Amino acid sequence: MARKVTMQQIADYLGVSKYVVSRALSGKSGVSHSTKEKVFQAASQLGYFAQKNMSVNFDHLEKETASEIEEQKETVLVLMPNIRHQTKESSYWGRIVDGISAELERNGFGLVIITENTVKSIATMINPNGLLGVIGVGVVSTSLLLEVHQLNIPIILVDHEDPLIPTDTIFNNNFDCSAMLTNYLIGLGHNNLCFVGDIDYSRSFFDRWLGFRSVLEANGIFHHHPDLLTSVKFSANEDIKQQITEWIQGKPVDQLPTAFVCANDSIALSIISALDELGIKVPEQISVTGFDNIKESYQTSPNLTTVNVAKEELGKRAVAMLISRQKSKDSPTEKILLSGVIMHRETCAPVRAEKGVEHSK
């Protein structure tokens with residue numbers, strides 16, 4: 001049997017007292033924000049949270065009054081399960097967490113990030129009395145959100161919403177941004193456009209597709225090609241590239257869309273790579289757009305035309321929503337949309353008629 005990981009082991013690992021570890025795990029005062037983060041990181045690395053029937057015993061600590069506990073709400077729990085590339089290293093999700101971290105620090109609050117996919121009990125990981133609230137970044141499972149909801153603490157969701165649990169949410173204005181991008185392409189003469197992305201993957205993808213389709217319908221444009229809605233899954237970039245290559249392969253250029261409107265930058269970059277290998281020039285023969293403005297979009301050649309999402313601002317505004325919700329718990333829930341900006345770069349060009357041009361492979 002595996003040995004049980006104890007708070008004393010965490011303390012020894014960090015070179016601090018067991019008392020410090022206890023207070024950090026309970027979310028109570030008397031421990032600096034940086035020390036709390038080190039305690040939670042060490043506890044996660046040592047497997048403390050993964051133990052069955054794990055619980056934190058604070059019986060040896062002094063009892064506190066309700067008012068004292070209220071004053072100690074100085075930690076925010078961030079849920080970011082890595083179920084769709086949602087990590088701090090991501091060019092998208094990581095920048096949102098940066099915004100959350102910066103705004104919490106500015107307001108004097110601590111930050112604890114949970115990336116576990118199968119958390120058994122939030123209440124056993126940290127004392128809810130010590131939490132200001134919870135911020136979910138990206139998709140968080142309904143079961144986990146239900147568990148947090150039962151703790152009766154505020155929940156803010158970034159780039160996600162759950163139909164079963166009423167929470168405050170914050171998104172980029174995906175519908176309007178996608179509509180603006182599609183109007184831009186139509187202005188360049190494109191009327192043969194294809195959306196690429198799995199609309200069941202996220203609410204953001206679905207809204208981007210709706211914005212795209214609404215503009216086509218408003219302009220009386222009918223599809224020459226079905227949108228690639230479910231065939232292109234958001235997985236490894238090489239998988240996307242292979243799927244796109246198989247879809248394009250063997251078709252003359254004049255039988256392909258004149259523009260691919262992609263649900264995000266990763267898909268767009270994979271399409272550009274596939275087109276390049278098939279001998280199709282971007283943007284001379286086909287235009288491509290992305291969404292999100294991750295760093296890779298402007299570090300490649302040609303630079304990707306995309307929509308800039310204010311990623312750090314999404315994180316900062318989520319913290320502001322949490323603080324506001326803490327002060328007015330009975331107010332109606334809110335959904336905030338932040339505007340995005342089109343980044344006009346090198347992967348879009350006016351339509352050029354090129355009949356009968358075929359590519360190899």
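Predicted model: local features only at pLDDT ≥ 70, side-chain atom pairs only at ≥ 80, totals over all residues.
Which residues in H5 meet which residues in H13?

**Close-up 1. Helices H5 and H13 come together at an angle.** On the H5 side, the residues in contact are Arg95, Ile96, Gly99, Ile100, Glu103 and Leu104. They meet Lys311, Glu312, Leu314, Gly315, Lys316 and Val319 in H13. Sorted by class, this contact of H5 with H13 has five nonpolar, five charged and two polar residues. If you're wondering how to describe such a pair, two packed helices are described by the angle between their axes and the distance between the axes. Here H5 spans residues 93-106 and H13 spans residues 311-327, and their axes come within 6 Å. The axes cross at roughly 45°, so H5 and H13 are oblique to each other. As for handedness, the crossing of H5 and H13 is right-handed.

Close-up 2. Look for Asp292 in the loop between strand E8 (287-289) and helix H12 (296-299). Is Asp292 buried or exposed? Its relative accessible area is 7%, and under 20% counts as buried, so Asp292 is buried. Its side chain makes a polar contact with the side chain of Arg208, at 3.0 Å. Setting aside neighbours within four places in sequence, Asp292 is also in contact with residues including Tyr92, Asn264, Asp265 and Thr306. Lys311 is another of the residues in contact with Asp292, and this Lys311 is also one of the H13 residues that meet H5.

Close-up 3. Thr305 lies in the loop between H12 and strand E9 (306-308). With 0% relative accessibility, Thr305 counts as buried. What does the side chain of Thr305 reach? It gets to the backbone nitrogen of Arg345, at 3.2 Å. Leaving out neighbours within four places in sequence, Thr305 is in contact with a run of residues that includes Met343, His344, Arg345, Glu346, Thr347 and Cys348. Leu181, Tyr184, Val288, Thr289 and Gly290 are in contact with Thr305 too.

**Close-up 4. Arg23 in helix H2, shown with Gly130.** Arg23 lies in helix H2, which covers residues 18-26. It's a buried residue, with a relative accessible area of 4%. Gly130 is 107 residues away from Arg23 along the chain, and the C-alpha atoms of the two are separated by 9.8 Å.

Conventions. Residues numbered from 1 in each chain as written. Heavy atoms only, no water. Axes fitted to C-alpha atoms, helices over the stretch in contact; angles between N-to-C directions. Helix = DSSP H or I, 4+ residues; strand = E, 2+ residues; numbered from the N terminus. Parallel < 35°, antiparallel > 145°, perpendicular 65-115°, else oblique. Left-handed = near helix turned anticlockwise from the far one by under 90°. Contact = heavy atoms within 4.5 Å. Nonpolar A, V, L, I, M, F, W, Y, C, P; charged D, E, K, R; others polar. Buried < 20%, exposed > 50% of the residue type's maximum accessible area, 1.4 Å probe, protein only. Polar contact = N/O pair within 3.5 Å; in protein donor to acceptor, adjacent residues only side chain to side chain.
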